[in-house]
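Hi there,

Here is the structure I promised to pass on. Have a look at it first, and then read my notes below.

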Amino acid sequence: MVNFEYKPHYGWEDFLEIMHLLRGPGGCPWDREQTHSSIRRNFLEETYEVLDALDRDDVAGMKEELGDILMQVAFHSIMEEEVGRFNIDDVVDGVSKKLVFRHPHVFGSLEGKDSQQALTNWEEAKRKEKGFNSVSDAIEAVPHTLPALWRAEKIISKTVKAGFNWSSISGALDKLDEEAGEVRQAVEKNVTGPHGMQEEIGDALFALTKIAQMNGIDPEEALHLACDKFEGRFRKVEEAATQPLKSYSEAELIALWEDAKQS
């Protein structure tokens with residue numbers, strides 16, 4: 001057992017002490033075995049759990065899940081402290097300096113009369129901070145680990161700010177029609193190499209993301225809503241079926257689906 005003082009309320013320093021104790025001699029064997037790689041997925045899962053609590057306006061859930069994110073930040077920081085590269089104080093110092101540098105309209109003399117101007121100031125400060133010399137540099141810096149639709153949206157948004165854009169939505173819709181035709185050809189011919197099914201489907205999804213961006217729609221959220229809608233309709237199909245779905249013909253399945261859409 002480690003030397004630890006129980007309290008009715010714990011603060012920031014107490015939290016860090018608990019994390020150090022878990023990783024230290026006599027601490028938790030599981031916590032001590034973890035590496036950046038071994039708990040990488042945990043960080044992602046905790047982030048999605050925060051988003052779920054936010055979407056449901058779950059106050060207790062937000063408090064708990066934000067705490068779990070804080071634990072992940074401390075976990076990774078303590079691992080780095082153990083090898084002498086940085087610690088949690090360096091993390092706090094870094095983000096504080098970033099906030100000051102990227103808000104020259106608050107901490108400096110630049111004007112920031114509205115949210116759009118504030119965002120412009122932020123992006124310009126970010127370019128200077130990161131040393132980006134071109135839009136391509138900024139695109140390359142978009143994390144490849146983002147969900148693909150969000151990554152595509154970010155890439156598209158950066159090119160639009162540089163002036164690379166259609167003058168109207170019709171151009172984007174025509175591009176989608178073109179990509180859909182290429183998907184059909186690749187599927188019908190069962191092409192798996194260059195210009196094959198994977199590549200053409202990716203191009204079609206990118207074109208759809210462009211259309212979403214031009215209409216102010218979050219493509220990731222749009223797909224989530226489509227998933228929710230499909231889930232609800234499929235449940236109605238399953239409930240209406242009087243035998244296993246595999247035993248129905250395609251026409252019968254379509255009829256069940258159409259009924260589900262109307263109910």
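Does proline 143 count as buried, exposed or partly exposed, and why? Proline 143 counts as partly exposed because its relative accessibility is 43%, a value that falls between the 20% limit for buried and the 50% limit for exposed. Please keep in mind that this is a predicted model.

As for where to find it, proline 143 sits in the loop that runs between helix H8 (135-140) and helix H9 (148-161). Lysine 154 is 11 residues away from proline 143 in sequence, and the C-alpha to C-alpha distance between the two is 9.7 Å.

Threonine 209 is a contrast: this residue is buried, with a relative accessible area of 1%. Threonine 209 belongs to helix H11 (residues 197-214). Leaving aside residues up to four places away in sequence, threonine 209 touches Leu149, Ala152, Glu153, Ile156 and Pro219.

One is nonpolar: Leu44, Tyr48, Leu51 and Leu54 form it, and together they have about 350 Å² of accessible area. Of these, tyrosine 48 is in helix H3 (residues 40-55) and counts as partly exposed, at 38% relative accessibility.

The other patch is negative, and it is formed by Glu13, Glu81, Asp89 and Asp90. Glutamate 81 lies in helix H4 (residues 59-82), and with 35% relative accessibility this residue counts as partly exposed.

Notes: Residues numbered from 1 in each chain as written. Predicted model: local features only at pLDDT ≥ 70, side-chain atom pairs only at ≥ 80, totals over all residues. Heavy atoms only, no water. Helix = DSSP H or I, 4+ residues; strand = E, 2+ residues; numbered from the N terminus. Buried < 20%, exposed > 50% of the residue type's maximum accessible area, 1.4 Å probe, protein only. Patch = residues over 30% accessible without salt bridge, like charges linked within 9 Å, V, L, I, M, F, W, Y side chains within 5 Å. Areas by Shrake-Rupley, 256 points an atom, 1.4 Å probe, with all protein chains shown as cover. Salt bridge = Lys/Arg side-chain N within 4 Å of Asp/Glu carboxyl O. Contact = heavy atoms within 4.5 Å. Lys, Arg positive; Asp, Glu negative; His and termini not counted. Charge placed at Lys NZ, Arg CZ, Asp CG, Glu CD.
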